[in-house]
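Please examine the structure shown below before reading the questions that accompany it.

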There are 2 protein chains.
Amino acid sequence: MLQIRQQRFLDNLSRQSQFGRLPKSEGGGIDRRAFSTEERAVRQYFCQQAEKASLGIAIDAAANLSARYPSADPDARTLLLGSHLDSVPNGGSYDGALGVWAALEVLSTLAESKIDLPVHLEAVAFTDEEGRLGDLFGSRALTGGHTTETIEAFLKQAAEFPDDFEAMRRTVPGALTPEAIRTARRSPQSLAGFLELHIEQGPQLEKAGCQIGVVDSIFGRRSLQVQFFGRSDHAGTTPLHLRADALVAAAHFITMAPEILQQQFPNCVLTCGNVLVRHGAYNVVPAETAVWVEFRASSEDVLQQIEKALDRLAGNITAAPDLSFAIHPKDQLTPAAMDDSVQGQIRQVAQELGYPAMTLSSGALHDAKLMASITPTGMIFVPSKEGRSHSPAEDTESEDLVAGANVLLHTVLRLCSRSKA
Amino acid sequence: MLQIRQQRFLDNLSRQSQFGRLPKSEGGGIDRRAFSTEERAVRQYFCQQAEKASLGIAIDAAANLSARYPSADPDARTLLLGSHLDSVPNGGSYDGALGVWAALEVLSTLAESKIDLPVHLEAVAFTDEEGRLGDLFGSRALTGGHTTETIEAFLKQAAEFPDDFEAMRRTVPGALTPEAIRTARRSPQSLAGFLELHIEQGPQLEKAGCQIGVVDSIFGRRSLQVQFFGRSDHAGTTPLHLRADALVAAAHFITMAPEILQQQFPNCVLTCGNVLVRHGAYNVVPAETAVWVEFRASSEDVLQQIEKALDRLAGNITAAPDLSFAIHPKDQLTPAAMDDSVQGQIRQVAQELGYPAMTLSSGALHDAKLMASITPTGMIFVPSKEGRSHSPAEDTESEDLVAGANVLLHTVLRLCSRSKA
C-alpha cells in the first residue's frame, strides 16, 4: 500500500520549525507572523521543496501559495489540500504548518509514483490565517468572502507593518491591492473539494487514545460583553448586606456560567476571558463591571439557547435592589458542517490503515470553515500532547504526524477513485 | 441651656457649599481639592467668618488653618476641634466641611457668650485630608507623623500641580518646605484633646433612627493583591472540566470572601475593588488574574484573623491541578480607639440634649485617627441620607447638622469642666 516518505516528511517538518524559532530567553516558540521576514523565508523553503519534487508553484493575488500536481485532464477540477504557514507570536511547530507540509508530502509522493489523477491536486498555504492583518485572510479571498470593509480593515492593519507588507508585495507583483484581492476568488465549479490536516489543539484524542480525529463540524462562536451595574459606595462605611456590588454580581456570573454550560450544553465551551472594573480601586465598591464572554457550539440553534441561558443567569443574579445588567453582542461566527461523505471516506481510510479514530468537533477556527462554504470539505485531526497549542509546548508524536499524512494521502486517493467512478 | 446660633451655622454651611460647586452638567457635586483655587477661596471665607466672630486666625507650616479662642490662662493647653475643607473631585457638601464649620460655630458661640475656658480652643481645618497630594497631610504634620518618604512623596505630587501649590505657598510664607513641615508638629503636652464632628458616610444611624453616633474606634485597614495562577488554554478547544482557569478561581474568591466575612466577622467590611486579567481576551482561558481586596476591622487581632481566613479561602479554591495563588500585602493602617472617657462625655451630652444616640465604628479614615495617637480624641457622627458620601448625593437633615454642632458645643463644655476640676 502506498505510503508517504516518512523521513522526508519528518525532516521537512523539523526544518520548517526552525524558521522564526525564538531563543529560549524569548519563549522558545515560533514567531512567524504573516508577512514577516520569517514567514517569507519559510514560503521560500516551501517553494524549494516543491521544485525538488518537480511540482509547479503558483501564488494568487491574495498571496496564497500553492504547489501543484496537475491532472492529465486539463479540464479537471482542483482538489485542494492545505492549511497555513503563519503562526501566532510565540506559537508552536505544527499549528497550520503540519497541514501544509503534509499536503506537499502527499503531492510529492503521488508525483514520484507518477499516479495520474482525475483532479488537479494543489497543496496550499493560505495567507494570514492567524489574523495578524485580517483573520482567515487568504481563505476568505479564495472563497470570495471579502467585503469592502474586510479589505479596508486589512489594509489599515497592513499600514502598521509597512516594511513587511511591501516586502510581500514585491514577491507577488500586482497582488494585495483591493482590486487584486477580489480576483483571488475561485469558482465552486472549479473545485473538487478541500482537505485540511491539523493538530487538534485540544486534549480529546489523547484522552481517548485515538490517532485520528474526523471533524464533523467547526464550532460557531459568539462573543458578548455582559455589563453589570450596581451602586458605588464607600468601602469602609457601607455594611456588606446593604451593597449593590457590580463586581460581586459579575463574579457570580463567571462562576455560574461554566456550570450551566457543563450541565445543559456538555459538548460546548464557554470562556470568560476578561473583566473590566470601571474606576477599579481598593476603597470603592464597584458600580460597573464588564465581563467578556464567548461560547462555541456546533449549531446556530445551540448558540442561541446558550445566549438565552446567559441572559436568564444575568437576570437572576441582578434580581436585587440597585443591580442591573446589559448584554452587548460583539462578534459572531456561524458553525460550519464538514461534508458527510468526506467524513465517511476519512473514517474508512483510518480503519483500513489501522489507526484508531473518533469523530469530534473543532472548537478552533480553521481555513476549512470558509472552504466548507464553497466546496465539500473535510478535516483530519491528530493528537496534541496535553492539548497544548498556540504555545511553545505544542507537540505531537512523530507516529501521529505520519498517521495524519497517510490518512490525508489515502483520503485523496479515495476521493479520486470516487471522482473517477 | 447654651445653644449654637442655628441660623448662622446653617447659613455658613450653605454658603461654603457653593465654593467649588460644579454645574449639573459636570456632576453637580463639589470639586474643592486641596490647594485648588476653590479650596483657597473657602479658606478665605473661613477667615472672614472667624474675624467677624472676633476670633484669632493662625496658620501653621503645613498650612493647617485655625480660628482661635484663647483661654485667659496663657499656659493653658489647647483643645482642638475640627476636620477638613478639601473635598474629593465630585464630592458632597458635608464631608469634612461640617466638622470645620461646626467647630467655628462653637468657638463663635462661646466667644459671644464671653465664657472663659480653662483651655485654648482652636477650630482647625486640616490640610489635604482627602490626599490630593498626601492623605491626612495636615494632621500627619501636626501629630509629627511625617517621614522623609511621606514628605518626598507629597512634594513629588505637588510638582504635578505647580500653580496650585505655589499659590498656597504664597499665602503661607515659608511654609510647605521639607524643614517647615516638620515644625508643624505639636507636643502632646500642649494639647487637651481633639474632637471631630463628621457625617457618618454610611447608613447605620439612619437605619437605627439615631441623630448622634458616638465613635468607639476608627477601623484599621489592610489591602492585598491576591494573584491566581492557572493555565492558558485555547478557549475553543479545551473542555471545561480540563481547564485551570485563573479567572474562575478569582471569581470564586470574590463571591466567597464577603460571605465568610458576614458569617465570621459580622461587624467588619471587605471589598474586592478591582480585577486584572493578564492578557485578557475573548478566546484565551485566563492564566493569571489579580484581585484587589481590602478589609477593615476595629482591632489588629481581627484584621489578622481575616487575612488568615482569606489565605485559607484562596488555598481551598486553588486545591486543584495547575491552580495556585500568591498573596501580596499592599497597605496597612492600624485601627485607632477613641478615648473612652471622651466617648462617655459625648454619650451623656447626647442624652441630656435628648438626641437618640448609638455607638458605632468608623469604617472611613479621618484626621481623628492620627490625632488619637497623641491626644484624647473623640468623634461625633450625624446621619448621612442613604449612607451616601463622596458623591453629590451626600446629604444630612438640618436638624441633625444642628444636633451635631450642639453636641460638639456641650462636649467641649463638659471636657472643660472636667479639665477645671
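The questions and answers that follow concern a sheet, its core, the chain interface and several salt bridges.

This is a predicted model, in which local features need pLDDT of at least 70, side-chain atom pairs count only at pLDDT 80 or more, and totals for chains, interfaces and linings use all residues. Residues are numbered from 1 along each chain as its sequence is written, chains are lettered from A and ligands numbered from 1 in the order in which they are written, and side-chain values use heavy atoms, with hydrogens and water left out.

Q: In what order do the 4 strands of the open sheet in chain A lie?
A: Strands here are DSSP runs of E of at least two residues, and helices are runs of H or I of at least four, numbered from the N terminus. Two strands pair if DSSP finds at least two bridges between them. The edge strands, each pairing on one side only, are β9 (269–277) and β12 (324–333) of chain A. With antiparallel pairing, the order is β9-β11-β7-β12 (chain A).

Q: Which residue of β12(A) is the bridge partner of Phe228(A)?
A: Phe228(A) lies in strand β7 of chain A. This strand, residues 220–229, pairs with β12(A) in the antiparallel sense over 9 bridges. The partner of Phe228(A) in β12(A) is Phe325(A).

Q: At about what angle does helix α10 of chain A run to β7(A)?
A: Axes are lines fitted to C-alpha atoms, for helices over the stretch in contact (heavy atoms within 4.5 Å), and angles run from 0 to 180 degrees between N-to-C directions. Helix α10 (residues 300–317) lies across β7, β9, β11 and β12 of chain A. Its angle to β7(A) is about 10°.

Q: Which residues touch the most other members of the largest nonpolar core?
A: A nonpolar core is a set of buried Ala, Val, Leu, Ile, Met, Phe, Trp, Tyr and Cys residues joined through side-chain atoms within 4.5 Å; buried means under 20% relative accessible area, exposed over 50%, and partly exposed in between (1.4 Å probe, protein chains only). Phe228(A), for instance, has a relative accessible area of 0% and is therefore buried. Of the 67 residues in this core, those touching the most other members are Phe228(A), Phe253(A), Leu310(A), Phe228(B), Phe253(B) and Leu310(B).

Q: About how much area do chain B and chain A bury between them?
A: Buried area is the accessible area (1.4 Å probe) that two parts lose on being put together, summed over both. In this interface, 58 residues of chain B are in contact with 58 residues of chain A. Carbon and sulfur atoms carry 63% of the buried area, and the total is about 4,400 Å².

Q: Is Asn274(B) buried or exposed?
A: Asn274(B) lies in strand β9 (residues 269–277) of chain B. Its contacts beyond four places in sequence include Leu247(A) and Val277(A), as well as Trp292(B). Because its relative accessibility is 8%, Asn274(B) counts as buried.

Q: How many residues apart are Glu112(A) and Arg8(A)?
A: The side chains of Glu112(A) and Arg8(A) meet in a salt bridge (2.9 Å, N to O), defined as a side-chain nitrogen of Lys or Arg within 4 Å of a carboxyl oxygen of Asp or Glu. Glu112(A) is partly exposed at 40% relative accessible area, whereas Arg8(A) counts as buried at 18%. Glu112(A) lies in helix α3 and Arg8(A) in helix α1 of chain A, and the pair is 104 residues apart.
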